[in-house]
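Let's take a walk through this structure together. Have the sequence and the 3D view ready before you start.

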Amino acid sequence: MSAASPDEIGDAIHLDGIVKRFDGALALSRASLRVRRGTVHGLVGQNGAGKSTLIKLLAGLHQPDEGRIEIDGQAYDKLTPHRVEELGIHFIHQDRLLVPTFTVGEALFLGREPRIAGTPFLDRRLMHRRSSEILDDYFGVKLPNSALISELSTAEKQIVQITRALLDQPKVLVFDEPTAALVRREADILFRLIRRLRDDGVTIIYISHYLNEIEELCDTVTVLRNGEDVATLPLGETSAAAIARLMVARDIADLYPKRSVTPGKDILTLDRLSAHGKYQDISLTLRRGEVLGLTGLLGSGAKELIRTLFGLETATSGQITIGGKPARSASPAQAVDRHLALVPEDRRGNGVALDLSVTENITLSSLKRFTRLGFLDFSGERREADDLIRRLEIKTSGRNALVRTLSGGNQQKVAIAKWLSRHSEIYLLDEPTVGVDIGSKVEIYNLIGDLAARGAGIIVLSSDLAELIGITDRILVLFRGSVISEFVSSQTSPDDVLAASTGSSEVLRHVG
Amino acid sequence: MTSTIDEAAPVQRNANRVGWLADLGTALRSGAVFILLAALLFGFSAAEPAFANLGNLMSILQAVAVVAILGAGVTVTLAVGGFDLSIGAIAASSVMAASYAMIVWGLGAIATVPLVLAFGALIGLVNAFLIVRLKVPDLLATLSIMFLLSGLQLIPTAGRSISAGLILPDGTTATGAYDPAFLLIGRTSLAGIVPVSVVLMALVAIALFVLTERTRIGRLLFATGGNEVATRLAGASTARLKMLAYVISGTLASLGGIVIAARVGRGDVSSGGSLLMDAVAAALIGFAVLGKRRPNVLGTIVGAVFIGVLLNGLTMLNAPYYTQDFVKGAVLVGALALTYGTVRSPSP
């Protein structure tokens, strides 16, 4: 940062004493956020702390009940999304979907298509030139303008979103949980981009659950709790642990609660399992009471391996053995019958049915137990739901509440509860804490420990390496479809695992 | 988790303050259709005493029986997150199929009824094949089948309506006739009071209500509509569930066709025109019944009856026939506003 005093630099954004109620419930009570020009400003808080409400107010999607919004020193009364964009403030949302049937070019220029001067025709050449300039310059990637959005990876979709904003030469960019669906290497590219934008004078607001990212990236951080800003600190004077304490107002004595379970018998064995073009010769053994970590970059084959175990893809050769019997599953139904459980990464899309009740979600895979002669045993279902809501401490207004009304962490607990109800024994957890607030994370870690202690075998797939090391016993790293290394979790560090997952020689090529 | 309890506290206080008001609002909303129905019944009886006699009430039910039966099928396809646009065409071509079977082939009621039901089920299977196996979007698949059926039903008779003495395309004259036993389905009443078609409607309503609300299969149908992937990952065969839904829908549509054929006694090429719209309207009005906000069989039946009562009453009060579609549309708009318009804004 330059030597200019704060007053000279000035505020890009100043939200002051914002109060916002929804249906009478207080979402923000005198929250303030002051972001200085040309800085990366972190915004953190648990789910429900008011982050998204604050950002929606800034985006002009809601109006504050009380308080002031100043942009570039000027107060604005009624912001609309359109006005906000005119002021040069752009938002990169984690789940703002691009139209999947559009091409990259169409998506980039949607609503502001350049025309050939004096004609109504689109200037395709100009569109192509401007988009490839930005893509090449900032990301070093080539996305063909004619590629369909639906064909892009999550990371590529995000690049399209950011490029769309950059085409407008924004003054402020707001990133809402941008790394939730990215692997580490992709996140690194994003971080370099953010630093570069800051150096170019763009102001960045960065919202994330990942405190290590905040620590690494931000100049200043504002912590929200219960609708108020409890602290705004320069990063030089604080740490991730201190921020976490401010967020939850209590000590997270042990973020990764470790349970010592003596592993029992083998429950799942893979012998030289291969799927053409996806992974090859994967052998591993999972024992009862064991938590096995699995990690790898996009395309490492780890996801495909999990999908094969659950009958969603087929292996071309090799053996899967469960409890001593060969057990290749051809469908999820078969896998479920073999007591496998899958908690998918895309929780809202694949893990829970948002418009069904908590009870209906919990008993979805164990419904046979609650059926007498084809008829549902409602009281049995109620007991089961109440029991699991209590055991997993699922925060809900009741068992009949729609899952849509629950927070991300509690939705995830419902997704897991479904398999507890099924008495599953082998759990495949794909990024189990993505988009989950820190308090619920610890509860989910505890739950994983409990399951292991009861003799379940658990495979956790995660790209959060600190988490992986914290909660697993062993970690297998996949690289280009093969197990490249194995670590004992208690004797390794995120750096070692990261080096292995990028393939040590590859590190140089990508980063250098 | 002390922090979450702290967080929830302001919400809780607030809930207590406006709690009873909200409760009253919810109760009014879920009972709204029943309250309006009672008001209609009361109002029409006051204005026109003949409205309230048993005969008239039964004729209302008889008038809505076909729509209610088709609506029950619509409810099931809506439950799996699908939509069946072909039901009107299935019903219409079932009228033709039943007439053809009896008049041209000379079959009796005992053979005709199962044959026509099997025809409906088969069309349901074709719909399901297109949607589940070939992944054609449901609206497009059933729309094209609707098109196909309304053309198909004209081919065997070269576009003529079917009645006794029909001259076939090859020049011969059909010798069969409607089986009197078949006509009983549309034209008699049990104990002289309850029309057979109303009994059929009640049986369909009870069977489908039990299936959708009380059985495992019903739960899985709704789960498929709620989130197909999550349901499949939970170990259910969503392909089979969707197939079941379209087969039920097709079979019920052909049952509706049988009732119409038995009432009219001839195979009319133009029968069943407004059935699709009316059945879909009944199912959508049903969303508002009991505040369920999702397809439900009870709601669909109530929705069909509601429209029937309204049209019958207005007719008695000499409202012209051409206002009927307007009235139906207005009721539908009101019901949908009730279902969706009062949804609380999403919490932050």
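## A hairpin in chain A

Start with one pair of residues: A:T222 has A:T232 in β10(A) as its bridge partner. Keep in mind as you look that this is a predicted model.

Now zoom out to the strands around that pair. Strand β9 of chain A covers residues 220-225, strand β10 of chain A covers residues 228-234, and the two pair in the antiparallel sense over six bridges. Together β9(A) and β10(A) make a hairpin, with two residues between them. In that turn sits A:N226, which has a positive phi of about 50°.

## Two helices in chain B

Hop over to chain B and find helix α7 (residues 196-214) and helix α8 (residues 216-226). Their axes come within 5 Å and cross at roughly 70°.

Which residues in α7(B) and α8(B) meet? From α7(B) they are B:L211, B:T212, B:E213 and B:R214, and from α8(B) they are B:I217, B:G218 and B:L221. Sorted by class, this contact has three nonpolar, two polar and two charged residues.

Chain A has an average pLDDT of 85, and 93% of the residues score at least 70. Over residues 1-7 of chain A, though, the pLDDT is below 50, and this stretch has three contacts in the model beyond near neighbours in sequence. Residues 505-512 of chain A also have a pLDDT below 50, with four contacts beyond near neighbours in sequence.

Definitions and conventions: Residues numbered from 1 in each chain as written. Chains lettered and ligands numbered in written order. Predicted model: local features only at pLDDT ≥ 70, side-chain atom pairs only at ≥ 80, totals over all residues. pLDDT = per-residue confidence, 0-100. Contact = placed C-beta atoms within 7 Å. Axes fitted to C-alpha atoms, helices over the stretch in contact; angles between N-to-C directions. Helix = DSSP H or I, 4+ residues; strand = E, 2+ residues; numbered from the N terminus. Nonpolar A, V, L, I, M, F, W, Y, C, P; charged D, E, K, R; others polar. Pairing = 2+ DSSP bridges.
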